[in-house]
Amino acid sequence: MAGSSLRSNIANVLVIGTGAAGLRAAIAAHQAGSEVVVVGKRRRDDAHTVLAAGGINAALGTVDPQDSWQQHFGDTLREGYFLADPRVVELLAREAPAAVRELADWGAPFARTSDGRLDQRFFGAHRWRRTCYAGDWTGRAILRTLASKVTELGLTVIDDQYVSQLLVTDGACFGALAFDLETGERTVFLADAVVLAAGGHTRIWRRSSSRRDENTGDGMYLALRAGCRLQDMELVQFHPTGMVAPEEAAGTLVTEAVRGEGGHLKNALGERFMARYDPERMELSARDRVALANYTEITEGRGGPNGGVFLDITHLGKDAILERLPRMYRQFLEYQMLDISQQPMEVAPTAHYSMGGVVVDPDTHVTDVAGLYAAGEVAAGLHGANRLGGNSLAETVVFGRRAGEAAAAWSASRDIQVRSRQVIRAADQELSGFIRHGRQFARPLQRALRDAMWETCGVVRDQPGLRHGLERVAELGELASDVDVRPTSEGYGDLAHALDLRASLTTAEATLLAALARTESRGAHQRRDHPGLSAELRVNFQARLDADGRLSTATHPVPPVPPDLEPWAEPSQDLSAIGRLLE
Ligand SMILES: Cc1cc2nc3c(=O)[nH]c(=O)nc-3n(C[C@H](O)[C@H](O)[C@H](O)COP(=O)(O)OP(=O)(O)OC[C@H]3O[C@@H](n4cnc5c(N)ncnc54)[C@H](O)[C@@H]3O)c2cc1C
């Protein structure tokens, strides 16, 4: 189309991402009558969603009949410190039960009660047991189910495609440019509508529950470049329990299901220290509180030999552990030769989930750019300042479906679509510009960025640290302009790393800017120099790229709670208590 080396591929709806959100969007768009193509930068059966462990939320009331979608709404809004969009939360809570039943009907092997209903376990800060699960491999079970459905419906899925740019002209998205990670072959994917389901940015911290080459902020970067706003980037969930050793496994998640199944947190003195931080809910407190409690115990010198605290599930017994936490049992055997039915695990906080992301309309998940939709972890709006465990998988299927349907409707409503050769040519040239000899390599710069983010923008932050973080990002940005990128016998990995680095640097900067602006402690955002909650800062921070390519940040009011749901959204406890923990 724009050059002889470019192939083209045409569909009504292009889905970027083969995680749960992307696959659910693709199924919905297909069922709504669209021709769909799905692309992902790694194998479809290995998208990040496979890591999800403990479960997916839906107010089914199987084991606690008192539960209701309204209670799920209230728990989510309250524990998010009232920064979430109430309409997004309402849709999630209302629609998750049907979405989970649908997965079960499609064959997801969720645990059942003895009378055959979907079993539910406790997750932290939920009023009732509402988390459905498949052992501790729920994400893999869901992804396999969706992938089988995609195959059954005959949808086109193309792996190993790295999207470098969304194509936008006249304020509307008409596709994306991608290259094949093995051959380098470039394809212009032309589509009436695009669903971006490319995940979050938590791999930019040294300790992270994500693996290499995922969650590098690509989706957020692509959207920002296309003209979208990003929101709540400073609100990053640090999961309280990541592995601390060996070094190559540090950050790997120890699922919340361990605490859900009755695990106790103890410090080196053997104290169940959650009694000091949240005596009512103890280990089943919200993630932000448990993460801060673990952090405090460790930094005040009550940690273990590897700089963690202890998570003890030995009292559950080996049979129950193998039945309910099989992956955790094997994970510790494999990495540490530790039998968790005999000895406690040593754990510490790890960067886990991007609660911020692309600004979307609550109902359709359309972004600021016509024809461009975003769903799953890449999107903002649901979690506020603290995500409840199990809500993310629910989000992928509820809003993946909504985005897919809306994208198909947009496609069906269009007679004519404008596509710009100039935009395609410019995207192609920009990609070619990355392939050059240089004095730097992307991997060490990625590592340096991860170190900088961990040290300056971790569980607890302050102004001097955040400013220093911005300086480091600027220095690394300079070095990144001299990165060596060339094809090797293994393909175009260098190019992918250079682009990952570009996305990570920009999302890091957006995160640091918003973290500086939020001069309070709220949920997962803890400021040593601003320990209290500020009523005026019950706002969202939004970032956009100015015409000169610089990031700017502005505040945006949180939409009001609908009057009929207000009784469910009453703060049930003193939310400022979390700030006081730092004082
Ligand atoms: C260890 C772990 C355990 C978790 N456990 C739970 C749990 O029990 N319950 C729960 O609710 N949540 C859990 N989560 C969170 C949840 O797994 C994720 O938020 C969710 O799976 C995100 O799904 P997604 O479809 O939005 O994105 P992902 O699954 O991250 O998929 C992103 C897709 O985008 C593709 N992509 C990215 N960039 C590009 C690009 N430039 N070009 C092309 N393709 C691209 C990727 O290849 C991938 O296919 C857990 C997370 C982790 C890390």
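**Entry 1: the ligand shell**

H11 gives the largest share, four residues. I note that this is a predicted model, in which local features need pLDDT of at least 70 and side-chain atom pairs count only at pLDDT 80 or more, while totals for chains, interfaces and linings use all residues. Residues are numbered from 1 along each chain as its sequence is written, and side-chain values use heavy atoms, with hydrogens and water left out.

I then listed the 36 residues around the ligand, of which Thr-49, Gly-55, Glu-377, Ser-392 and Leu-393 come nearest; a residue is near if one of its heavy atoms lies within 4 Å. The shell residues divide into 14 nonpolar, 17 polar and five charged, with Ala, Val, Leu, Ile, Met, Phe, Trp, Tyr, Cys and Pro taken as nonpolar, Asp, Glu, Lys and Arg as charged, and the others, Gly among them, as polar.

**Entry 2: polar atoms and cover**

I checked N and O pairs within 3.5 Å, and noted that a polar side-chain atom of Ser-392 lies 2.6 Å from an oxygen atom of the ligand. The protein covers 97% of the 1,000 Å² of accessible area that the ligand has on its own, by the Shrake-Rupley method with a 1.4 Å probe.

**Entry 3: strand pairing**

I followed S12 (residues 309–312), which runs antiparallel to S11 (residues 264–266) with three bridges between them, and which also pairs with S13 in the antiparallel sense over three bridges; two strands pair if DSSP finds at least two bridges. Leu-311 is the bridge partner of Leu-265, and Met-345 in S13 is in turn the bridge partner of Leu-311.

**Entry 4: aromatic rings**

I counted four aromatic pairs, taking rings of Phe, Tyr and Trp (its six-membered ring) with centres within 6.5 Å, and calling planes under 30 degrees apart stacked, over 60 edge-to-face and the rest tilted. The rings of Phe-273 and Tyr-277 have centres 6.2 Å apart and planes at 90°, so I recorded the pair as edge-to-face. Both Phe-273 and Tyr-277 are buried, that is, under 20% relative accessible area.

Methods: Polar contact = N/O pair within 3.5 Å; in protein donor to acceptor, adjacent residues only side chain to side chain. Helix = DSSP H or I, 4+ residues; strand = E, 2+ residues; numbered from the N terminus. Buried < 20%, exposed > 50% of the residue type's maximum accessible area, 1.4 Å probe, protein only.
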